[in-house]
Amino acid sequence: MARRISFLLNGEVQELEIEDHWTLLYLLREELGLTGTKEGCGSGECGACTVLVDNKAVNSCLYLAAEADGKEVLTIEGLASPDGTLHPLQRAFVENGAIQCGFCTPGMILSAKALLDENPSPTEEEIRHALAGNLCRCTGYLQIFRAVKAASGQFEKRSAEVISRSAE
């Protein structure tokens, strides 16, 4: 059965007709052509399909498209500025070597954004907990955690403290 929904997607109003069984992942990738959101496992275990719905990280492979009605959805395509300037998280991922094959990157970045929006100064444990639902096949976790710290401003501060202690 088809239904009409309306939601804000990356800052733009979307009004469209969907089928009741469509997931948000299907709607984004297949109907709207936003392929930055990846399908990994299809069962909510890998986090590759993570997007933000009303600023909360969700697995779009499990989230019905109909549930997006009246909500705000952010995908990786909506993170950079319209002029192409990378979001600080995207820049931190690049600068810290946190992008390897890149398959997990959009989901990792959006999970990290949800964390930093809620807690701008997370501990390493909080970062690890927030990203626990996102799997990286390339095992680039250390670089990913470092990138999130850098985006929060903590990595530079901690590096300065380590250098200062080394000099003593």
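The points below concern a predicted model and go from the chain as a whole to one residue, Thr37.

1. Secondary structure. The chain holds six helices and five strands, and, read from the N terminus, its elements follow the order β-β-α-β-β-β-α-α-α-α-α.

2. Overall dimensions. The radius of gyration of the chain is 17 Å, which agrees with the value near 15 Å that a compact globule of 168 residues would have. Along the principal axes, the C-alpha atoms occupy a box of roughly 70 × 30 × 25 Å, and a reader may wish to keep both descriptions in view.

3. Of the 168 residues in the chain, 40% are buried.

4. Surface and charge. The accessible surface of the chain amounts to about 9000 Å², and carbon and sulfur atoms contribute 50% of that area. The chain carries 15 positive and 24 negative charges, whose mean positions are separated by 7 Å.

5. Placement of Thr37. This residue sits in the loop that connects helix H1 (24-31) with strand E3 (50-53). Thr37 counts as buried because its relative accessibility is 2%, where the cut-off for burial is under 20%.

6. Surroundings of Thr37. Once neighbours within four places in sequence are left aside, the contacts of Thr37 include Leu25, Leu28 and Arg29, and also Ala48, Cys49 and Val51. Ser60, Thr75 and Glu77 are likewise in contact with Thr37.

Conventions
Residues are numbered from 1 along each chain as its sequence is written. This is a predicted model: local features need pLDDT of at least 70, side-chain atom pairs count only at pLDDT 80 or more; totals for chains, interfaces and linings use all residues. Side-chain values use heavy atoms; hydrogens and water are left out. Helices (H or I, at least four residues) and strands (E, at least two) are DSSP runs, numbered from the N terminus. The radius of gyration is taken over C-alpha atoms; the globule rule is 2.2 Å times the number of residues to the power 0.38. Buried means under 20% relative accessible area, exposed over 50%, partly exposed in between (1.4 Å probe, protein chains only). Accessible areas come from the Shrake-Rupley method with a 1.4 Å probe; for residues, only the protein chains shown count as cover. Lys and Arg count as positive and Asp and Glu as negative; His and the chain ends are not counted. The place of a charge is taken as NZ of Lys, CZ of Arg, CG of Asp or CD of Glu. Contact means heavy atoms within 4.5 Å.
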